[in-house]
Amino acid sequence: MQQQHSILWADDEIELLKPHILFLTKKGYAITPVNSGADAIEKFQEQNFDLVFLDENMPGMTGLETLAQIKTFNPHIPVVMITKSEEEHIMEEAIGARIADYLIKPLNPNQILLSLKKILESKTIITETTNRNYQQDFRNISMAFGDKMDYAEWAEVYKKLVYWELEIEQTQNRSMHEVLQNQKQEANVNFARFIGENYEKWLNSEIDSPVLSHDLIYEWVFPLLKESTEPLFFILVDNLRLDQWHTLAPIISEYFTIENETSYYSILPTTTAYARNSIFSGMTPLEMSQFNPDLWEGDDDEEIKNNHEKEFLRRQLDQNDFKQTRMSYNKIIHASQGKQLVDNFNNLLNNQLNAIVYNFVDMLSHARTDTNMIRELAPDEAAYRSLTRSWFLHSPLLDMLKKISEKKCRLVITTDHGTIRTKEAYKIIGDKNTNTNLRYKQGKNLAYDRKNVVIASKPERFFLPKVNVSSTYVFATEDYFFAYPNNYNHYAKYYRDTFQHGGVSMEEMIVPFVVLSPK
């Protein structure tokens with residue numbers, strides 16, 4: 001049975017509103033009528049109400065004065081201001097006092113009903129509508145898995161799943177959440193099969209391929225540089241999933257118009273060392289190791305793997321007729337570095353290309369693995385998105401975007417790869433030289449079950465360098481992560497339900513690329 005909402009209605013002509021009150025009563029609302037602001041405050045102190053209707057132009061205590069008093073007792077009570085006046089200053093005062101709605105007399109019964117439903121029942125209505133619409137789309141998405149989809153169709157499927165995940169997150173009890181998670185899991189099973197069948201062919205030009213990490217700047221950034229000599233900001237937020245981008249997009253849209261929002265595919269392994277170096281160099285990892293051995297750091301190197309992105313970018317520019325292009329590269333790991341870059345913003349305007357890497361989201365995923373407090377703050381994807389949003393709102397990155405907008409500069413926002421919440425451990429055996437990443441392993445004489453993995457037994461076909469002649473790469477699929485038999489149960493428990501990257505999943509491989517123009 002639907003909850004009966006209690007409404008306090010204050011109007012000095014309340015007798016003339018009886019038809020409206022009767023109409024709302026028949027619709028299931030309990031109306032308490034009073035004919036002055038003083039009576040409204042007295043009633044408000046005596047009993048609880050879900051909403052207040054206030055006439056603005058009452059003799060004695062005005063509607064705005066009554067509103068101020070009511071808000072001192074309960075600042076969160078929704079108040080609908082009703083007035084004959086359309087004077088702008090009255091509207092502004094009412095809006096400034098955080099009213100829930102503003103209605104102009106003469107009133108229409110359905111107008112009042114719509115306001116009530118919007119304020120008091122919107123969550124219920126949204127929940128019912130969202131669940132119904134997702135149930136209708138559920139079948140379409142599931143049927144698509146049976147078709148032979150191409151890379152663009154897979155990107156659309158993932159985009160749909162992210163859309164529904166964000167929509168269901170806004171519903172009251174998230175009753176369809178488990179159904180959606182199961183469908184995402186089913187999607188990733190099929191996606192892993194798709195990547196296993198096609199990824200190697202993409203790299204070897206045997207079939208049409210999506211834009212991959214090493215194509216990104218050449219295909220989509222260089223054309224923007226050719227269009228104009230005005231500064232272009234290329235901002236890469238490490239480890240930013242598509243759902244996280246959609247969480248930040250409404251904030252960014254206050255300052256920018258989204259010209260083009262699309263996706264590209266991260267190369268394997270979906271890690272910073274491979275995917276991000278590939279973006280800045282315009283090369284596959286194998287090509288980097290062959291043609292830029294002075295800059296490439298492989299899995300066998302002890303050095304940090306991304307020390308040479310600036311040099312990689314400069315060489316890519318020089319090799320593609322952009323030798324004269326002035327550029328800057330900045331990597332932001334600490335907030336102080338971000339603030340310093342904002343302070344020096346005007347210097348960036350002298351460059352045609354400004355590449356900025358923000359490492360926070362990547363650090364957040366690692367901190368969540370290693371720190372119990374962060375695990376508590378972000379127990380699931382929804383909380384992880386919320387934490388990302390909270391960081392962004394108070395970050396120097398947002399300050400930087402505001403500066404870019406003020407100066408009317410062009411902007412690209414993208415990432416190098418995404419991340420997935422891992423659920424199941426997967427046994428693998430390797431020697432002491434095997435790399436430590438949980439979503440892919442590279443080494444010789446690896447022993448594992450050949451199910452639920454993508455295997456690069458010939459790394460050169462995946463354009464990956466070999467540390468030794470018998471090197472193999474093995475990529476975890478779906479939400480699995482690798483663990484060694486030694487102390488298996490401990491590591492299975494420790495890394496279960498953490499965010500990892502390096503393997504094959506929609507979340508890791510299908511990532512956003514967005515072109516924006518200042519408002």
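Author: A salt bridge here is a side-chain nitrogen of Lys or Arg within 4 Å of a carboxyl oxygen of Asp or Glu. The model is predicted, so local features need pLDDT of at least 70 and side-chain atom pairs count only at pLDDT 80 or more, whereas totals for chains, interfaces and linings use all residues. Residues are numbered from 1 along each chain as its sequence is written, and side-chain values use heavy atoms, with hydrogens and water left out.

By that definition the structure holds 25 salt bridges. One of them joins Arg385 to Glu165, with 3.6 Å between the closest N and O atoms. This pair links distant parts of the chain, since Arg385 belongs to helix α18 (residues 381–393) and Glu165 to helix α7 (residues 151–169), 220 residues apart. Helices are DSSP runs of H or I with at least four residues, strands are runs of E with at least two, and both are numbered from the N terminus. Arg385 is buried, at a relative accessible area of 2%, and Glu165 is buried as well, at 4%; the term means under 20% relative accessible area, while exposed means over 50% and partly exposed lies in between, with a 1.4 Å probe and protein chains only.

Arg385 also meets the side chain of Glu169 in a salt bridge, at 2.4 Å from N to O. Because Glu169 lies in helix α7 and Arg385 in helix α18, this pair ties together parts that are 216 residues apart in sequence. Glu169 counts as partly exposed, with 25% relative accessibility.

A further salt bridge is formed by the side chains of Asp243 and Arg241, at 2.8 Å from N to O. Asp243 is buried at 1% relative accessibility, and Arg241 is buried with a relative accessible area of 1%. Through shared partners, salt bridges join Glu165, Glu169, Lys184, Arg241, Asp243, Arg385 and Glu507 into one network.

Asp208, in the loop between α8 (177–203) and α9 (216–227), is exposed, with a relative accessible area of 58%.

Burial also divides helix α1 (residues 18–26), in which His20, Ile21 and Leu24 are buried. These residues cover an arc of only 100° around the axis, which puts them on the same side of α1; the arc is that of the directions from the helix axis to the C-beta atoms. On the other side of α1, Lys18, Pro19 and Lys26 are exposed.

For the backbone, a general point comes before the exceptions. Most residues other than glycine have a negative phi, and most peptide bonds are trans. Asn239, although not a glycine, has a positive phi of about 70°; Asn239 sits in the loop between β6 (232–237) and α10 (242–252) and is buried, with a relative accessible area of 0%. The peptide bond from Lys105 to Pro106 is cis, with omega near 0°, and Pro106 lies in the loop between β5 (101–104) and α5 (109–120). The bond from Leu268 to Pro269 is cis too, with omega near -10°.
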